[in-house]
Amino acid sequence: MSQSLDAADTLARFRDRFVRDPEVVAYLDGNSLGRPLAASIARVSEFMSGQWGGRLIRGWDEGWLDLGQRIGDDLGRVALGAAPGQTTIGDSTTVLLYKLVRAAVAARPERSEIVIDRDNFPTDRYVLEGIAAECGLTLRWIDAGDATVDRVAAVLGEKTALVVLSHVAYRSGYLADVPAITDLAHEAGALVLWDLCHSAGVVPTRLDDWGVDLAVGCTYKYLNGGPGSPAFAYVRSELQGGMRQPIQGWLGSGTPFEMGQGYVAAPGIRGMLSGTPPVIGMLAMRDMIAAIEEAGIDAVRVKSVALTEYAIRLVDELVPSAVLSSPRAAAERGSHITIDHPRFEEIMPALWERGVIPDFRRPTGIRLGLSPLSTSFDEVRIGVEAIAELLGE
Ligand SMILES: *Cc1c(COP(=O)(O)O)cnc(C)c1O
């Protein structure tokens, strides 16, 4: 079965472009850290000798300084549905989230609440707790369950300044209805910030068409930028003039090289930046963005759905004692599934020893993250069979 699925896979040709260690027989954690593309090794190496080594300080004027905005535009075009001038690569997701949330609540000074869900990623919850304390705001929690339209509607009101949710929930894989929730937030007069960490590069978005105000996302997950590669931020063009972010550094100012007195924010997306861009960290994601463009983001999504469907079918057949904690409906699911079993923690070391690498999420979850350009159906089979065997099923 897995072999025939791989044989029919129109994106199979991309798999050989990734660096592989033969001891890893099933890499099922592409949603935590994507594999490197071989092209990225050449790109980083060329940059170090030719660009850094050759151009030295001159490189800043020859493209390094605005590299984040150029890659942001590419990412916007290829995967986010964002026209140029609204996306940039900058700090970590955590820091960009802080900057954008602060800017958003400052833009709604008469409102006192931020909506977020308990199932959101820890950094999102912690950053918002900090901002609420700092700015005297109240968090309105969606206390249990996925971020559905109805649950958002129940906590949204005239005091809501901002709604902060993940497009794909990091644990359950639930795929939120971005256009419907965005409309709902706007009807209530609130802004909305989407965390795209678990969707960027694998679930297409139409940020411009959907009227999304703000978004952030990682680049080391489905965008294969490498450990700690800097995150992206999207700020809708109409909002950029009214967004004042709190980390006022020289490179976010209008005239950084005049070294003048008094901060004046740069116009456009550049005003969201703070300090010197992490240039080397931005290089590898360019190869993945190019690969996604070549494949087409819609084709990537089609394979992602096929991979998660196949994983669910195998779990149902081979590991019947495990509980599927992700949506069965493909339209409500991102590119990973979580299954729960009381003995998963115990079998994790043995899985790693066999070269089967999923993710473990306390207390009992195994997360299978399937990255369509690098993951084969056969890897999914090997992984689920190993889990079944170690459980004795
Ligand atoms: C992975 C992830 C993050 C990580 O943030 P960093 O600042 O890169 O550590 C944040 N939010 C979500 C939803 C994530 O999945």
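A crossing is right-handed if the near helix is turned clockwise from the far one by less than a right angle, and left-handed if anticlockwise. The model is predicted: local features need pLDDT of at least 70, side-chain atom pairs count only at pLDDT 80 or more, and totals for chains, interfaces and linings use all residues. Residues are numbered from 1 along each chain as its sequence is written, and side-chain values use heavy atoms, with hydrogens and water left out.

**View A. Helix α12 passes helix α13 in a right-handed crossing.** Helices are DSSP runs of H or I with at least four residues, numbered from the N terminus. Here α12 covers residues 344-353 and α13 covers residues 377-391. The angle between them is about 120 degrees (0 to 180, between N-to-C directions), and their axes (lines fitted to C-alpha atoms over the stretch in contact) lie 10 Å apart. On the α12 side, Phe344, Ile347, Ala350 and Leu351 make contact (heavy atoms within 4.5 Å). Their partners in α13 are Ala386, Ile387, Leu390 and Leu391. This contact has 8 nonpolar residues (Ala, Val, Leu, Ile, Met, Phe, Trp, Tyr, Cys or Pro), no charged ones (Asp, Glu, Lys or Arg) and no polar ones (the others, Gly among them).

**View B. Helix α2 packs against helix α10.** Residues 38-55 form α2, and residues 283-295 form α10. Their angle is about 140 degrees, with the axes 8 Å apart, and the two helices are therefore oblique to each other. The crossing of α2 and α10 is right-handed. From α2, the residues Ala39, Ser40, Arg43, Val44 and Phe47 meet Leu283, Ala284, Arg286 and Asp287 of α10. By class, 5 of these residues are nonpolar, 1 is polar and 3 are charged.

**View C. The largest cavity has a volume of about 50 Å³.** A cavity is a set of points on a 1 Å grid where a 1.4 Å probe fits but cannot get out, and lining residues have an atom within 4 Å of a point. The lining includes Asp117, Asp119 and Asp146, as well as Ser166, His167 and Tyr174. It divides into 5 nonpolar, 2 polar and 3 charged residues.

**View D. The second largest cavity has a volume of about 40 Å³.** Gly201, Tyr222, Met288, Ile292, Val300, Ser371, Pro372 and Leu373 line this cavity. Of these residues, 6 are nonpolar, 2 are polar and none is charged.

Technical notes:
Angles under 35 degrees count as roughly parallel, over 145 as roughly antiparallel, 65 to 115 as roughly perpendicular and the rest as oblique. On a 1 Å grid over the protein atoms alone, a cavity is a set of points where a 1.4 Å probe fits but cannot get out, and a pocket is an open set with protein on both sides within 12 Å along at least five of seven lines; lining residues have an atom within 4 Å of a point. Grid points are joined across faces, edges and corners, and a volume is the space filled by probe spheres set on the points.
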